[in-house]
Amino acid sequence: MALWARQVSRGCCLLQTARAAEFPGRLRNCSSTARACRGFASLTLLPSRNDVLPWRLQAYRHVSVESCSPPDSAKDGSFSSPESNLPSPVKQEQAKAETLPDLNAKILYEDWDDIPPSSALEEISEEEAVQIIAEPLLPLQSSTLRDYVDHSETLAKLVHLGVDLSQVEKRQKAGQLLLTLDFEKDIRKILLFLKDVGVEDNQLGLFLTKNPYILAEDLEALETRVAYLKSKKFGKAEIAQMVSRAPYLLLFSVERLDNRLGFFKNELGLSVKKTKDLVIRLPRLLTGKLEPVKENLQVCQIELGFQRNEIQQIVFKTPKILTASKKRLKQTFDYLHNIMGIPHHMLTRFPQVFNSKLLRIKERHMFLTFLGRAQYDPAQPSYISLDQLVSLPDEVFCTEIAKASIQDFEKFLKTL
């Protein structure tokens, strides 16, 4: 009995060794099967009846087959006959192991044929090392967009378009916004929209430099705002002019735009047509803060003494007076009204004088006074209008208004 058990154990181990040589990936399973063989050999040394031995042999064969995972065809019961001679089934199992296909083995062979990925620890020749081009590292943090231009196709295209990134990065969170956008997916559609609105190709770079935030706006919302302006009878050319001169205009919702137009119409008592004309000539009235506008209107009425209808005329002719510095506005009025003696109704006729530099007004008025030609009353001879006083170039002012040479004017200025 002991000799018979050792022969079975030796045959089982030889079988598993052959399979291990054929399929290296299964060595671990086969080793467990070998341990099972040794366990079986030890069990057969114990006293047992003849009807128990075939069951044990069949159990062993089941364990061996399952451990090495042969195809299902190997489990067709060819080892299940208890009356068969033991050495013969072992030989049959060994023969089948050599002929039956194994899909897992094919996969293993395919994996072995693949070229393994290169490793950072793999040695290469000097010639191969010279041919390696190392990309510059992307800075994790930087205070300028210039460090990211070489790494970002979006930034490179914006620079080519004419966007000044040095100015964009000064605006709050504008640099971070550009780094998150894709040119083809996010920016191209906005550029096409702006061109359709009327922004010229050579102005797109300047527009985005002043207002990069429009790139994050929803296209449908932008189209809705343009449609609102058209509903208020603004023409295509007028909308293009307003958008170009006030780049932040399209960031305002329809409700805010409507409230701004209503404010200027009601606060100044202007008609719809004049309100439109006002914002067309100075569209930043729709985008700027309203507090300075309210304060300037109070200054004109309370401190400068203009009547409501006079303020309407001044603002309609010179919208910039609504956003001018209060200090400069009061200083200019004080010199024109109290020093030069210009009455309110004359200032209402020529409100452009408030847009001129106070120094120019002083220099020319003092030169005319020196020549005895400072006459601003239209009822008197040699009358000089305020428009001529401030708008003409120095050469024309000297020859046509002051009746003097430019050299005389320059010499006079040196005496001041």
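Contact is taken here to mean heavy atoms within 4.5 Å. The structure is a predicted model, in which local features need pLDDT of at least 70 and side-chain atom pairs count only at pLDDT 80 or more, whereas totals for chains, interfaces and linings use all residues. Residues are numbered from 1 along each chain as its sequence is written, and side-chain values use heavy atoms, with hydrogens and water left out.

The protein has 23 helices and zero strands; helices (H or I, at least four residues) and strands (E, at least two) are DSSP runs, numbered from the N terminus. Of its 416 residues, 36% count as buried, where buried means under 20% relative accessible area, exposed over 50%, and partly exposed in between (1.4 Å probe, protein chains only). Among the contacts in the protein with a separation of 6 or more, 69% come from residues 24 or more positions apart.

Axes are lines fitted to C-alpha atoms, for helices over the stretch in contact, and angles run from 0 to 180 degrees between N-to-C directions. Angles under 35 degrees count as roughly parallel, over 145 as roughly antiparallel, 65 to 115 as roughly perpendicular and the rest as oblique. For residue classes, Ala, Val, Leu, Ile, Met, Phe, Trp, Tyr, Cys and Pro count as nonpolar, Asp, Glu, Lys and Arg as charged, and the others, Gly among them, as polar.

In the pair formed by helix H15 (residues 272–281) and helix H17 (residues 308–317), the axes come within 9 Å and cross at roughly 45°. H15 and H17 are therefore oblique to each other. On the H15 side, Lys-274, Asp-277, Leu-278 and Arg-281 meet Val-315, Phe-316 and Lys-317 of H17. The residues of this contact of H15 with H17 comprise three nonpolar, no polar and four charged.

Helix H7 (residues 153–161) packs with helix H10 (residues 183–197) at an angle of about 25°, and their axes are 11 Å apart. H7 and H10 are therefore roughly parallel to each other. Their crossing is right-handed; a crossing is left-handed if the near helix is turned anticlockwise from the far one by less than a right angle, and right-handed if clockwise. The crossing of H7 and H10 being right-handed, the contact involves Thr-154, Lys-157, Leu-158 and Leu-161 of H7 together with Phe-183, Glu-184, Ile-187 and Leu-191 of H10. By class, the residues of the contact of H7 with H10 are five nonpolar, one polar and two charged.

Between helix H12 (residues 219–231) and helix H14 (residues 254–268) the packing angle is about 30°, with the axes 10 Å apart. H12 and H14 are therefore roughly parallel to each other, and the crossing of H12 and H14 is right-handed. Thr-224, Arg-225 and Tyr-228 of H12 make this contact with Val-254, Leu-257, Asp-258 and Leu-261 of H14. Four nonpolar, one polar and two charged residues make up the contact of H12 with H14.

Individual residues were also considered. Phe-207 lies in helix H11 (residues 204–210) and counts as buried, at 3% relative accessibility. Not counting residues up to four places away in sequence, Phe-207 touches Leu-194, Ile-214, Val-243 and Pro-247. Phe-207 and Pro-247 are 40 residues apart along the chain, and their C-alpha atoms are separated by 6.2 Å.

Ser-356 is placed in the loop between helix H19 (344–349) and helix H20 (358–371). Its relative accessibility is 12%, so Ser-356 counts as buried. With neighbours within four places in sequence left aside, Ser-356 is in contact with Arg-328, Ile-361 and Val-390.

Most residues other than glycine have a negative phi. Ser-382, in contrast, has a positive phi near 60°. Ser-382 belongs to the loop between H20 and helix H21 (386–391) and is partly exposed, at 49% relative accessibility. Phi of Lys-403 is also positive, near 55°. Lys-403 is in the loop between helix H22 (394–401) and helix H23 (406–415) and is exposed, with a relative accessible area of 54%.

Regarding cysteines, a disulfide is a pair of cysteine sulfur atoms within 2.5 Å, and by this rule the count is zero disulfides. Cys-300 is buried, with a relative accessible area of 6%, and Cys-398 is buried, with a value of 0%.
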